[in-house]
Amino acid sequence: MTPLQLSSNDLLADRRADYAEMLFASGDHAAAAELMLGALELAPGWAMGWFRLGEMQEAAGEMQAAAEAWRMSLKLEPADRPGAALKLQLIGAAPAEDSPPSAFVEMLFDQYAEKFDHALVETLHYRVPELLTAAIGATGRNTFAHAVDLGCGTGLMGVKLRPVTKRLDGYDISAEMLRKARDKGVYDYLIKADLQELEPVGQTADLVTAADVFMYLGALDRVFASVMKMLAPGGVFAFSVERLAGEGVFDLQESRRYAHSEAYVHGLIAAAGLRLLSLEHAVIRQDRRTPVEGLIVVTDLAV
């Protein structure tokens, strides 16, 4: 896939877009949108520009215009790396989908990889690796022959798992995240994979983790089925979700992440034939200085 154009490649259009961003940052959203539209008249094939125009129009309260801009972004970039389909869903201009575009998730984390550890730990006070590690330890299991870290990212969970497992594999959709994970030197094998279409590689594992991953997947039926293929009898499956406080099974949030209900989690566990060992409510990170509540879940596959 060709790189996504982050600029229009037209000098005058880029100048107008830069000035639009300055206006947007100052709070003049309507003027920013008008100027960005002018930039796109010069560069009509710029998918990322149309996506950004939609965000500016949304902030200005022009929802119908925003929807039209995001539809144009989708037309120019069908793989939807900017995530226009999610924005359309959030304003009710498109039906809710069970999962986000994989290309959006991949690009999001490719762009985020360089600053990921600092942003998550220092700024957002990310706690899932510590919480999952403690919950796994509370089961009395403290050594594993083979662990798999799903959505391993840069390896924050892997650092916690390395002391308790002989072999550690990591799966992630982002090549840049895997590069950063490789630099940590804690994994024996790293595999680039879309967790929505996961095909397990190699022998079964007696520990599988998914730390702060499922909020980027939406429906979890397929990934649970994949986990069951890779989990050995007696093996532990530990994961986190953002907790959905309202009704329903899972829901797309304004953050473009999914929250899952406790009832949905219980249903997935039962359908997979897993045994629930623990389920804890906990603050898993901050988002715009607001605590995000999650569920820390540990299960096993009874022999």
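## Terms and model

Two strands count as paired if DSSP finds at least two bridges between them. Helices (H or I, at least four residues) and strands (E, at least two) are DSSP runs, numbered from the N terminus. What you have here is a predicted model, in which local features need pLDDT of at least 70, side-chain atom pairs count only at pLDDT 80 or more, and totals for chains, interfaces and linings use all residues. Residues are numbered from 1 along each chain as its sequence is written, and side-chain values use heavy atoms, leaving out hydrogens and water.

## The sheet

Let's start with the strands. Seven of them make an open sheet with mixed pairing, in the order S3-S2-S1-S4-S5-S9-S8. Strand S3 (189-192) and S8 are the edge strands, each pairing on one side only. From one strand to the next, the twist averages 15 degrees; axes are lines fitted to C-alpha atoms, for helices over the stretch in contact, and angles run from 0 to 180 degrees between N-to-C directions.

Helix H11 (residues 221-230) lies across strand S1 (144-150), strand S2 (165-172), strand S4 (205-210) and S5. Its direction is at about 150 degrees to S5.

Is strand S9 (residues 290-300) mostly covered or mostly open? Mostly covered: eight of its 11 residues are buried, meaning under 20% relative accessible area, with exposed being over 50% and partly exposed in between (1.4 Å probe, protein chains only).

On one side, S9 pairs with strand S5 (residues 231-242) in the antiparallel sense over seven bridges.

## Helix H3

The expected span is 1.5 Å times one less than the number of residues, so the 13 residues of helix H3 (residues 47-59) should span 18 Å, and the end C-alpha atoms, 19 Å apart, agree with that. Just after H3, Gly61 takes a positive phi of about 85 degrees.

H3 is mostly covered, with 12 of its 13 residues buried. Among them are Trp50, Phe51, Arg52, Glu55 and Glu58. The cover over the buried residues includes helix H1 (11-26), helix H2 (29-42), helix H4 (63-76) and helix H5 (84-90), where contact means heavy atoms within 4.5 Å.
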